[in-house]
Amino acid sequence: MGEKGRKNEGMTEFPQLSLHVPEPAVRPGDQPDFSNVKIAKAGVVPRPEVDVASEEIRDLAYSIIRVLNRDGDAVGPWAGLLSDEELLTGLRNMMKLRAFDARMLMAQRQGKTSFYMQHLGEEAVSCAFRKALRKGDMNFPTYRQAGLLIADDYPMVEMMNQIYSNESDPLRGRQLPIMYSSKEHGFFTISGNLATQYVQAVGWAMASAIKNDTRIAAAWIGDGSTAESDFHSALVFASTYKAPVILNIVNNQWAISTFQGIARGGSGTFAARGLGFGIPALRVDGNDYLAVYAVSSWAAERARRNLGPTLIEYVTYRVGAHSTSDDPSAYRPKTESEAWPLGDPVLRLKKHLIARGVWSEERHVQAEAEILDEVIQAQKQAEAHGTLHAGGKPSVRDIFEGVYAEMPAHIRRQRQKAGY
Amino acid sequence: MARMTMIEAVRSAMDVSMERDDDVVVFGEDVGYFGGVFRCTQGLQAKYGRTRCFDTPISESGIVGTAIGMAAYGLKPCVEIQFADYMYPAYDQITQEAARIRYRSNGDFTCPIVLRMPTGGGIFGGQTHSQSPEALFTHVCGLKVVVPSNPYDAKGLLIAAIEDPDPVMFLEPKRLYNGPFDGHHEKPVTPWSKHDLGEVPEGHYSIPIGKAEIRRPGSAVTVIAYGTMVHVALAAAEEMGIDAEVIDLRSLLPLDLDTVVQSVTKTGRCVMVHEATLTSGYGAEVVALVQEHCFYHLEAPVVRVTGWDTPYPHAQEWDYFPGPARVGRALAEVMEA
């Protein structure tokens, strides 16, 4: 018997060790079960002062802040921040993102691009968050926060040009679809790697503080990649230097095929990771537009008042596949999204607006049609500049440009060899 | 002009840069109050304040990751990795982030950062304080890689690196900090104060990145080296009485290929020297280029003298280090071929 399998004969007073490997409650073919997701009633979680110490609000890292109740009413201390007009804009932005996703998924299936990642079920997180930031603030997003661009009125045509890698692609065909970049819209270039941007956001925020600026940064990460060491580095630096940064964790339950329990381990929640760093940590209903806005505004105010970082876990559910290269029916029950207890963000806000008396089923149907038309118009414009395999393309020269500010001789020689 | 060690020269480069540009910030492990384990940042915190020169947690990915974020904001971070051997936790941030931000965002964001790191052996540092990882950087498109061999170059090149719009890996041969160490470890090293290149202007000047320097003109054989090995090569040529032309590359990426090709075309013989390990080392790239560009001028096979393909040992340091005797034997070998 080899060293690995040998039992230690001397240690008789303890049982043999065994390795714990977490498993989700259910798998394909089983009944969806979210009984382990403990959900506070809307309105019950208190709203502390922004200068609260993290240890005074430990509970907020384990509960879920919610504003919209089952009847569609906004209740509790986190309610009342948004006007009718702002809420209608929020609904429209989420609907636009959903329609945009649907069209681009279809375009991917039609072979117009290689790859796509949608937001279905998670629209409230990025759309509402954007409204808590101001012009000049900077997001360091992952690949599932395009709502930051949509809600900041970044042109959909530009997004599509990037997705199609066409002749008008602002990134000249160099990046995977949806890895947008827009400094002007406070959207840092998406890496495609995971977690690296989290610590970069902290650095950006530190720079703003070094320069006595008023701008703040927002870091984004998913539940799965909180396991990366960069997440830990980011929390250390944010905590040490009290960086004016909002540390966002989007917990959509699934990291491709891996359930959130693998990254979360023994800590009760992802938000709770902030407590050990002395960073105020809150958990929020990510499918509640009003709650997302309220909590992110609270965190933004903390940052602007130089009170330091805030960690927010958005509890949501990835209704769609991870990407167009993924089939979730292989690892989770097909009907799981329907059983998700926090509902659909678009339908919940719609219901609230109807309850407020400023929206109706008819207007919703009409808005859907208008938005679809807007998306299709943008798509037509983008496709006039080409798609991945047809029409206008970026130049082969673009492979060689922009590696450095000034092209070094060896790259110039290679470009010439390529015939350009 | 002042007499400076290489430590004083890199400190002066940071000082001059911080004085001229408020956006230059300096940080790293032990870099703030104490001034760095090699004292390269001594006095900078006292002069420029804690928000422009500060200590960090022991987290290289944090140091480089925050530097990248600061650069995206518009600052020019010049950070210290305490030993080049410690850079690996930051390798993801260096290779997939810093190196590609300009490219992937089509210039929407850029990454003007400098990573200073003491490199190479000769101080009984064992396997975790002696490495020369330059080839791990030269293989990455989007980085610039600089290795100075003396105080004058160190200051001019570091100022150029700080002013460069792209990320620069600045490897400081730690055995050269206090003098032009030529591999004769049994003898005391001549201090920089007695060397021409220890004369350093106190003010601002820069040396363009990408230009090699011929340290010893010669006609018999070209020796290509950088960092500590420049001085080892000079000693070897002298001791062997061989009229070698010694090229100090200074910048590995971009490489001054013209200077290399001109020299080898003239001498017809070439020895490539570095302290880093042999296989897939930086010398392999240079030798391939020499072969491509000078094949019909070569009188002998090109020879490489490098560290052995093993981890850097502790007690057997001087059997590992490619000193003047080994370089001298290689010179004799190419001359006899």
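The model is predicted: local features need pLDDT of at least 70, side-chain atom pairs count only at pLDDT 80 or more, and totals for chains, interfaces and linings use all residues. Residues are numbered from 1 along each chain as its sequence is written, and chains are lettered from A in the order in which they are written.

**Exercise 1.** Describe the overall build of chain A.

Step 1. Take the secondary structure. Chain A has 13 helices and 7 strands; these are DSSP runs, H or I of at least four residues for helices and E of at least two for strands.

Step 2. Check burial. Of the 420 residues, 49% count as buried, with 20 or more other C-beta atoms within 10 Å of their own, C-beta atoms being placed from the backbone.

Step 3. Locate the domains. An automatic or database assignment sets the bounds: domain 1 spans 36-389 and domain 2 spans 396-420 of chain A. Their C-alpha centres lie 37 Å apart.

**Exercise 2.** Work out which elements of chain B touch chain A.

Step 1. Count the contacts, meaning C-beta atoms, placed from the backbone, within 7 Å. In chain B, 35 residues are in contact with 36 residues of chain A.

Step 2. Name the elements. Helices H3 (60-73), H4 (91-98) and H5 (101-104) of chain B each give two or more residues.

Step 3. H3(B) gives the most, with 10 residues.

Conventions: Contact = placed C-beta atoms within 7 Å. Buried ≥ 20, exposed ≤ 12 C-beta atoms within 10 Å, placed from the backbone.
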